[in-house]
Amino acid sequence: MATAFAPTKLTATVPLHGSQENRLLLPIRLAPPSSSFLGSTRSLTVNSLRRLNHSNATRRSPVVAVQEVVKEKQSANNSLLITKEEGLELYEDMILGRSFEDMCAQMYYRGKMFGFVHLYNGQEAVSTGFIKLLTKSDSVVSTYRDHVHALSKGVSARAVMSELFGKVTGCCRGQGGSMHMFSKEHNMLGGFAFIGEGIPVATGAAFSSKYRREVLKQDCEDVTVAFFGDGTCNNGQFYECLNMAALYKLPIIFVVENNLWAIGMSHLRATSDPEIWKKGPAFGMPGVHVDGMDVLKVREVAKEAVTRARRGEGPTLVECETYRFRGHSLADPDELRDAAEKAKYAARDPIAALKKYLIENKLVKEAELKSIEKKIDELVEEAVEFADASPQPGRSQLLENVFADPKGFGIGPDGRYRCEDPKFTEGTAQV
Amino acid sequence: MSSIIHGAGAATTTLSTFNSVDSKKLFVVPSRTNLSVRSQRYIVAGSDASKKNFGSGLRVRHSQKLIPNAVATKEADTSASTGHELLLFEALQEGLEEEMDRDPHVCVMGEDVGHYGGSYKVTKGLADKFGDLRVLDTPICENAFTGMGIGAAMTGLRPVIEGMNMGFLLLAFNQISNNCGMLHYTSGGQFTIPVVIRGPGGVGRQLGAEHSQRLESYFQSIPGIQMVACSTPYNAKGLMKAAIRSENPVILFEHVLLYNLKEKIPDEDYICNLEEAEMVRPGEHITILTYSRMRYHVMQAAKTLVNKGYDPEVIDIRSLKPFDLHTIGNSVKKTHRVLIVEECMRTGGIGASLTAAINENFHDYLDAPVMCLSSQDVPTPYAGTLEEWTVVQPAQIVTAVEQLCQ
């Protein structure tokens, strides 16, 4: 399928130090300086907005306005960004994410799940856009807002829902919870509660991939995608990993889901230079900013970034401008965000946008989309039933999995390893 | 687990490596095949996994005479191979190299481990042999490269992460506690993290407060990790190999002042069990539990004590988490008195945990309260005299034993 630009062009045209000449080579138009990217913050005046943007478009990396170019191309040679099958796959994945999260909210308020639950409503385009391009052996690392990343990667809705209910059949046997979704089978490396904590782990997974290729001489093209938010981009671990990833040319893509808010802290109040994509070139990797409410744009950027990583050319930093429709977590009253801002982004709902694209370009019929929605509804309902019916973990599970080798619990006074004590396996022994 | 031999740590060192109070006598240890008895020498004999009894030792008499042997002699082991002599840091390197030869998934990460050969030369020559990716020189970002090691371990590699000084690993505490310790559990057992985190710690020679830290007390509460401390070339190599082969995350504590200890170690492949303690000197009157560098202060005090007529049993606990309650328990049941000598801080240290564990498990067997000698709760001063008073000295150990044995 024809794309708006050849795969190599993006790499070539993202200079390490933005220069005027290179930019002019781009076939893509920039977004206007007063872009809605910075979001609405009441204290920000028009002047300060201009100052922030420097009104100097040459300093920026291109905003990938794929849809505009696609419209142009369409009239030129009638080619689309996706096929019907791909379109349906993307739609189904996003609907799954949305329905699942909505069901989570319901279940939380009904007292079926507890603790901190962070929902992904509104950001589906990022997860679907990236993860649907990955293979099963590629790795994904996420944060506490990880349900949809797990679902996109292939973890079954049943396993995730059970995990949220704290049941044995959960993907982590009920031991992880909402913020720790792991799946060895699907290479979902978590699920981390502290922000920034997962980025070094993702760097390690990418290192593993490079090690396999260069030291073990295996055929390994696996890439790792690390998802994290705007708040994380002020954390030291982020910068340390950008440095190492670029230094060792690791096959990793750093995806910033910039939804402008870290609980109640606006990105603009927390960051000296809010344009996160700029931090990529500072470390020697391309930094790209993309509209994260449009799954097709995200997908195009993701394709290039993933191909780059697979070719061994190193990491990419992708900043996705996105928004969460709900509060930070189900415990967040969400009072600080402007209603106007929420409304603006609600109008850019990624699911509605894809639906519109698919129908306008006559890729699918409305009925097909409806049937997908119905299918997903049933799937999610079934997941809840399954989770409800699953048993809770027994006492004996308490001490399992603390150590991979339970000899690590040591030798008891009687000379036997503690793990051999029958009371131990029942979970009643003192450790 | 085949060929689990441990103990029999025989250490040679010059006194200049110690902050010792007394004499110019050298601790010279003959090899295991040559256990000749000579005056003014002592032999550190080891034991097999707690199944042997030491009835064959010399009985200490409360006499005025100087006892020639501080330690009971073991029968000469004529089947032992000749072995080779090396320094502790070379033993660590040998262990590491052997494991890297054995399993291509074993790799090393740390600052200056590659081209520089390690700041204490533990990884010397490895980068030339295995390449820059297997012996990775990292930038100075402990938190991130420890996390990177953990991520690599989750995806199938077996990294050995070096902290140039253990104190630097405080910067990696987030990754060690949250990820290293917990991910096996929170992932429901799906991911294992077979990392080894190692580095030198302890009070050195006027290195200043921050370079003289003992992190074993900070890490001991983290669930899901094992901690071991090496003290002789024999157990250094054995523990290094066992730690690398273990599926659990293991933190291996080395000591800055012990890197130049010399000992003859076996040629054949061996490992030291991670969960077992080492019987350094069997005895009857009092159990002295120690680890790492304090082992040598204890052994020095033991010489004085033996001359005064006491018969201390010295155990190098080696496994800081979990404690080997079997070896320790058997000893307590025999001697009924316990003295813990450690370099950790008093507050919340390994000794504190060990005291609690002994009181809980062996209370009935104690004739006296458990005494714990630890370092002072002060940041280690730079001045030599002050630094000497921060850590436990042999004279204090002798006094404590005399007090306990009244």
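The legends below accompany several close-up views of a predicted model.

**View 1. The interface where chain A and chain B of the predicted model meet.**
In this view, 53 residues of chain A are in contact with 53 residues of chain B. The size of an interface is often given as the accessible area lost when the parts come together. Chain A and chain B bury about 4,300 Å² between them, and 63% of this area is on carbon and sulfur atoms. Between the two chains, 25 residue pairs are counted in polar contact, whereas the rule for salt bridges finds 0 across the interface. On the side of chain A that touches chain B, the elements that give two or more residues are β3 (182–183), β4 (188–189), α9 (198–214) and α10 (236–248) of chain A. Helix α9(A) gives the most to this side, with 11 residues. Sorted by class, the side of chain A that touches chain B holds 26 nonpolar, 15 polar and 12 charged residues.

**View 2. Helix α8 of chain A, a mostly covered helix.**
The buried residues are A157(A), A159(A), V160(A), M161(A), S162(A), E163(A), L164(A) and F165(A), and they pack against α5 (84–109), α7 (147–153) and α16 (366–389) of chain A. After the helix comes G166(A), whose phi is positive, near 75 degrees.

Is Y91(A) buried or exposed? Because its relative accessibility is 1%, Y91(A) counts as buried, the cut-off for buried being under 20%. When its neighbours within four places in sequence are left aside, Y91(A) is in contact with I351(A), L354(A), K355(A), L358(A), L369(A), I372(A) and E373(A). Y91(A) and P350(A) are 259 residues apart in sequence, while their C-alpha atoms are 9.6 Å apart in space.

**View 3. Two cis peptide bonds, one in chain A and one in chain B.**
Most residues other than glycine have a negative phi, and most peptide bonds are trans. In chain A, the peptide bond from G190(A) to G191(A) is cis, with omega near 20 degrees, and G191(A) lies in the loop between β4 and α9 of that chain. In chain B, a cis peptide bond with an omega of about 5 degrees joins K321(B) and P322(B). The loop that holds P322(B) runs between β12 (319–321) and α9 (325–335) of chain B.

**View 4. Positive phi values at D334(A) and Q206(B).**
Although D334(A) is not a glycine, it has a positive phi of about 55 degrees. D334(A) is placed in the loop between β10 (316–321) and α14 (339–346) of chain A, and it is buried, with a relative accessible area of 14%. Q206(B), also a residue other than glycine, has a positive phi near 55 degrees. Its place is in the loop between β5 (196–201) and α6 (216–219) of chain B, where Q206(B) is partly exposed, with a relative accessible area of 32%.

**View 5. The fold of chain B, with its helices and strands.**
Chain B has 12 helices and 14 strands, and buried residues make up 63% of its 406 residues. Among contacts in chain B between residues at least 6 apart in sequence, 82% join residues at least 24 apart. Chain B exposes about 14,400 Å², of which carbon and sulfur atoms supply 52%.

How values were computed. Residues numbered from 1 in each chain as written. Chains lettered and ligands numbered in written order. Predicted model: local features only at pLDDT ≥ 70, side-chain atom pairs only at ≥ 80, totals over all residues. Heavy atoms only, no water. Contact = heavy atoms within 4.5 Å. Buried area = accessible area lost by both parts, 1.4 Å probe. Salt bridge = Lys/Arg side-chain N within 4 Å of Asp/Glu carboxyl O. Polar contact = N/O pair within 3.5 Å; in protein donor to acceptor, adjacent residues only side chain to side chain. Helix = DSSP H or I, 4+ residues; strand = E, 2+ residues; numbered from the N terminus. Nonpolar A, V, L, I, M, F, W, Y, C, P; charged D, E, K, R; others polar. Buried < 20%, exposed > 50% of the residue type's maximum accessible area, 1.4 Å probe, protein only. Areas by Shrake-Rupley, 256 points an atom, 1.4 Å probe, with all protein chains shown as cover.
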